[in-house]
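This briefing is intended for reading alongside the sequence and the model.

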Amino acid sequence: MAGLNWTFEQLADYYHQLPSPKPGLNPIIKRLLTTCPGSSVFGIGGHSVVLQISSDIAAKVSLEPGDERLHQEQKLFEVLNESNCPHIIQCYHRAVDVNFLELVANGTLYDRMSIAKPRPILLWMLQLSQAAGCLEKLGYSHGDINPQNILFDDEDNLRLIDFDHSLKVGDELDVGYEPYVRQHRGLAGGVFGVAGPVTEQFALGSIFWYITRGYELYSELEGPDKVDRLLDSIFPATDPQDPIDYIIRSCWNGHYLTMADLGDNIKNIVESNTQAWSVETLNHKQERRLLCEQYSNMAHLVNYQI
């Protein structure tokens, strides 16, 4: 997937023309684009911008200085630093308002589903459950698993991204959108419940439905009708004899006590040799970290501190 390939001027013009223009972009954005040769604006979000620094390195910069959401992501990357989970986006270096990440430029799950080529569904299911399991092992939930937060590398392996709204297991979950979260009739923590294996596996169940059917859960319904179905735990019919359908239904019903249990269930039916998947070598990762530190120093960024 080609990025926007915008200059800073094009980015500033875009935000200037919005109905609610930004008062001023984070000066770090322009500083990085100016000091890193060949860099450009790759993508934009509601509160951050992604810069392509090199062919395999991106910089995620908060649009406004001191944005707590990017700082939240940095705290999680600090915890993830030594986990080396191959299905979570790698962070090579952190500075104030900036995360230097691996650049995975093949689009989101939405993009991948629009491509007419075979889908390694069980492999994706296992990789996603392992990514969620890695977070859970560290005491965290992603909290916002949806197709926009799943990217693919050149070998069609996925990466879970965007930890701006990640939270500790047991915290109240107030972020997300249907059908990857659901509200409850009674009080159950935050708007969408209590973050943990129940909320994470519900999101994965809806992802698994999407990748097997090719359309999202209740995509044919208007918003209020969709919410009502989810509130009442009314789900489409699934085949109890089909192992993937069994997993989907189990996820919607909160059957698994942990994300590791879900991963083990999937692994039992996977025919692929998981050891053959592409995993970034530690030497390559260290090389990228050193390179990101150089970019950070070139732009005179302040290193991230806990």
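**Core packing, a helix contact and cysteines**

In the largest nonpolar core, which has 52 residues, L109, I207, F208 and I211 touch the most other members. The model is predicted. In soluble globular proteins, nonpolar side chains tend to be buried together.

**Nonpolar cores**

- Beyond its neighbours within four places in sequence, I211 contacts L109, M113, R119, I121, W124 and M125.

**Contact between helices α6 and α8**

- Helix α6 spans residues 197–213 and helix α8 spans residues 243–252; their axes come within 7 Å and cross at roughly 145°.
- The crossing of α6 with α8 is left-handed.
- On the α6 side, the contact is formed by Q201, F202, G205, S206, F208, W209, T212 and R213.
- On the α8 side, the contributing residues are I244, D245, I247, I248, S250, C251 and W252.
- Classified by residue type, this contact of α6 with α8 contains eight nonpolar, five polar and two charged residues.
- F208, one of the α6 residues in the contact, is also among the residues that touch the most other members of the largest core.

**Arginine 289**

- R289 lies in helix α10, which covers residues 282–298.
- R289 counts as buried because its relative accessibility is 17%, under the 20% cut-off.
- Apart from residues up to four places away in sequence, R289 touches N81, C91 and Y92.

**Cysteines**

- The count of disulfides is zero.
- C36 takes part in no disulfide, and the nearest cysteine sulfur, in C292, is 9.3 Å away.
- C36 is buried, with a relative accessibility of 1%.
- The cysteine sulfur closest to that of C85 belongs to C134, at 4.3 Å. This is too far for a bond, because a disulfide requires sulfur atoms within 2.5 Å.
- C85 is likewise buried, at a relative accessible area of 9%.

Methods. Residues are numbered from 1 along each chain as its sequence is written. This is a predicted model: local features need pLDDT of at least 70, side-chain atom pairs count only at pLDDT 80 or more; totals for chains, interfaces and linings use all residues. Side-chain values use heavy atoms; hydrogens and water are left out. Axes are lines fitted to C-alpha atoms, for helices over the stretch in contact, and angles run from 0 to 180 degrees between N-to-C directions. Helices (H or I, at least four residues) and strands (E, at least two) are DSSP runs, numbered from the N terminus. A crossing is left-handed if the near helix is turned anticlockwise from the far one by less than a right angle, and right-handed if clockwise. Contact means heavy atoms within 4.5 Å. Ala, Val, Leu, Ile, Met, Phe, Trp, Tyr, Cys and Pro count as nonpolar, Asp, Glu, Lys and Arg as charged, and the others, Gly among them, as polar. Buried means under 20% relative accessible area, exposed over 50%, partly exposed in between (1.4 Å probe, protein chains only). A nonpolar core is a set of buried Ala, Val, Leu, Ile, Met, Phe, Trp, Tyr and Cys residues joined through side-chain atoms within 4.5 Å.
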